[in-house]
Amino acid sequence: LTTLAVTAPEAARATLAAHRQAFERQGLDDVWPRIIALVVQPGVEFDHTQVIDYQPQQAVALSAMVASCDTLVFEAHSTDYQTPQALRQLVKDHFAILKVGPALTFALREALFALAVVEQELLPAHACSGLRQVLEQVMCERPEYWRSHYHGDESARRLARGYSYSDRIRYYWPDEQIERAFTQLLHNLAETTIPLPLLSQYLPLQYPRVRAGTLAAAPRALIIDHIQHVLGQYHTACQGEARHHA
């Protein structure tokens, strides 16, 4: 996983033409100006352990093509895990709708795994939620959401279940056993003061804001802040270009 084919401008034009003709055949010409985006591949993707970063020079022709469309921008497919700089450049190059999904649930998982370690440091084993162990048990008992995606030996599959960029773990959060462990984790840490050194070790992005008094060292607040850190990169990318055109 090193490079990925960018949607050809002629393919994008053909897709737009085919859809516009379909609208016209149904007498929906007046609706066409309300279509704001076409989903394309600007050359960004990820697999279980790697990310293909945006290479602007590979998408010059595609970017120029949409600039001639008065009412359209592109929606970039799978912008998860792109750098803040890449996200800003994508928006600048008219890939103004940035699709993101697993990167957000990946951030949720990161925060929960960190808090599970904090819990183990602060509480006796019998009082801990065992979130990590419960997750692994349920995923092994019900492998339908990851079995066709993760390959290799048992060690590789175990690592992928917990840490893959694909984040197949996201399909398991509604499970009743996992939900109970999650609830217990939050309850345990809400009833316990989390020492600053542990926050610095396991949630370093949140640590400065807790020190500054702008973020509570409460489990739910820490989780939301960690997810918002990812969302903030998308917000900044889009707002930065909006300010540029203002």
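Predicted model: local features only at pLDDT ≥ 70, side-chain atom pairs only at ≥ 80, totals over all residues.
**Entry 1: helix H5.** I looked up which residues of H5 (131–141) are buried. They are Leu-131, Val-134, Leu-135, Val-138 and Met-139. Viewed down the axis of H5, these buried residues fall within an arc of 125°, so they line one face of the helix. I then asked which helices the buried residues of H5 pack against. The partners are H4, H6 and helix H7 (176–190).

**Entry 2: helix H6.** I turned to H6, which covers residues 154–163. Its buried residues are Ala-160, Arg-161 and Gly-162. The packing partners of these buried residues are helix H4 (102–122) and helix H5. I also examined the N-terminal end of H6, which is capped by Asp-153. A side-chain oxygen of Asp-153 lies 3.2 Å from the backbone nitrogen of Ser-155.

**Entry 3: Gln-206.** I located Gln-206 in the loop between helix H8 (196–202) and helix H9 (207–212). Is Gln-206 buried or exposed? Its relative accessibility is 0%, and because buried means under 20%, Gln-206 counts as buried. I next listed the contacts of Gln-206, leaving out residues up to four places away in sequence. Gln-206 touches Leu-215, Leu-222, Asp-225 and His-226. With Asp-225 there is also a polar contact of 3.0 Å, which joins the side chains of Gln-206 and Asp-225.

Technical notes:
Residues numbered from 1 in each chain as written. Heavy atoms only, no water. Buried < 20%, exposed > 50% of the residue type's maximum accessible area, 1.4 Å probe, protein only. Helix = DSSP H or I, 4+ residues; strand = E, 2+ residues; numbered from the N terminus. Contact = heavy atoms within 4.5 Å. Polar contact = N/O pair within 3.5 Å; in protein donor to acceptor, adjacent residues only side chain to side chain. Arc of directions from axis to C-beta.
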